[in-house]
Structure formats: structure tokens, C-alpha cells
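Please read them with the coordinates open.

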Amino acid sequence: MDKYPEITIYGACPSKSNCYKVVRREGHGTLSKSDALKSYEQSFFMQNTLRNKKISRRFKFTVDVYYKSDRPDLDNSLKILLDCLQLCGTIANDRLCAEIHARKFIDKTNPRVVFTIEELL
């Protein structure tokens, strides 16, 4: 059972409910990522030292999310974070997440995400 080092990603984690917009492509409406989400994904990739780790076993995700205010919902950030972990290759697939421990904090001057991943037996 591997436990990986704690990672801190600086910047405000966007909320899933605000990260997609409807656009028209080839005459049909489809969802597209917002510029804020694209920017966060790039920042997450650059700061994540576990990128390309390809964790392919079930894992526990422990995360502290520091927001600028009390307004965002914690659960909306979890999907974004798991998607970012999969996008940058830290995890092979977000469906392998078997356990989540999440806490919400307020830090007006330094929004960030602090997480650890622990592989399960």
C-alpha cells in the first residue's frame, strides 16, 4: 500500500457547476470547458509533481480545499480535482477512487488545494 507525498496546488479551484458553457458546433449545442477551467487544469498540471504516475489501483483521496470565501460548495470541487488528476496522468481513472476525505477551509489571500493519495489493498 503506497502513500504518496502531500501535494499543494496554489490557485482557486473552480466549481464544476460553473466550468462548462454551451457552445454550438456543427449546428448542435455541446458543452465546452470554460477558460477558467482550462487555466486551472494547466496550472494543476504544472504544480503536480505526481503527474504521469498512472496510479492504477483503488485509492483513498484526502484533500483540504482552501477557498477565498465560504460561498463555493466542496462537492463541486471534488469532481474537478479528480478530473485534473486523471488528465495529468496521476491516476489512471477517477473511478478507482474508493474513499474520499475532504475538508473545506477559508483563506482569502491564498486559495489552494492540499491533497494526498494512498493506494488501497
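Is serine 77 buried or exposed?

1. Serine 77 is buried, at a relative accessible area of 0%; here buried means under 20% relative accessible area, exposed over 50%, and partly exposed in between (1.4 Å probe, protein chains only). Serine 77 belongs to helix H2. Beyond its neighbours within four places in sequence, serine 77 is in contact (heavy atoms within 4.5 Å) with Cys13, Pro14 and Tyr67.

2. On provenance: this is a predicted model, in which local features need pLDDT of at least 70 and side-chain atom pairs count only at pLDDT 80 or more, while totals for chains, interfaces and linings use all residues. Residues are numbered from 1 along each chain as its sequence is written, and side-chain values use heavy atoms, with hydrogens and water left out.

3. Helices (H or I, at least four residues) and strands (E, at least two) are DSSP runs, numbered from the N terminus.

4. Leaving aside neighbours within four places in sequence, the contacts of phenylalanine 61 include Leu81, Leu82, Leu85, Phe115 and Ile117.

5. The whole structure has four aromatic pairs. Rings of Phe, Tyr and Trp (its six-membered ring) pair if their centres lie within 6.5 Å; planes under 30 degrees apart count as stacked, over 60 as edge-to-face and the rest as tilted. Tyrosine 40 and phenylalanine 44 form a tilted pair, 6.1 Å centre to centre with 55 degrees between the planes. They are four residues apart in helix H1, and therefore separated by about one helical turn. Tyrosine 40 is buried at 5%, and phenylalanine 44 is buried at 1%. Ring pairs link Tyr40, Phe44, Phe61 and Phe115 into a cluster.

6. Tyrosine 66 and phenylalanine 105 are stacked, because their ring centres are 5.0 Å apart and their planes at 20 degrees. Tyrosine 66 is in strand S4 and phenylalanine 105 in strand S5 (residues 97–106), so the pair ties together parts 39 residues apart in sequence. Tyrosine 66 is buried at 17%, whereas phenylalanine 105 is partly exposed at 28%.

7. The charged end of arginine 112 sits over the ring of tyrosine 66, 3.7 Å from its centre. The criterion is CZ of Arg or NZ of Lys within 6 Å of the ring centre and within 35 degrees of the ring normal.
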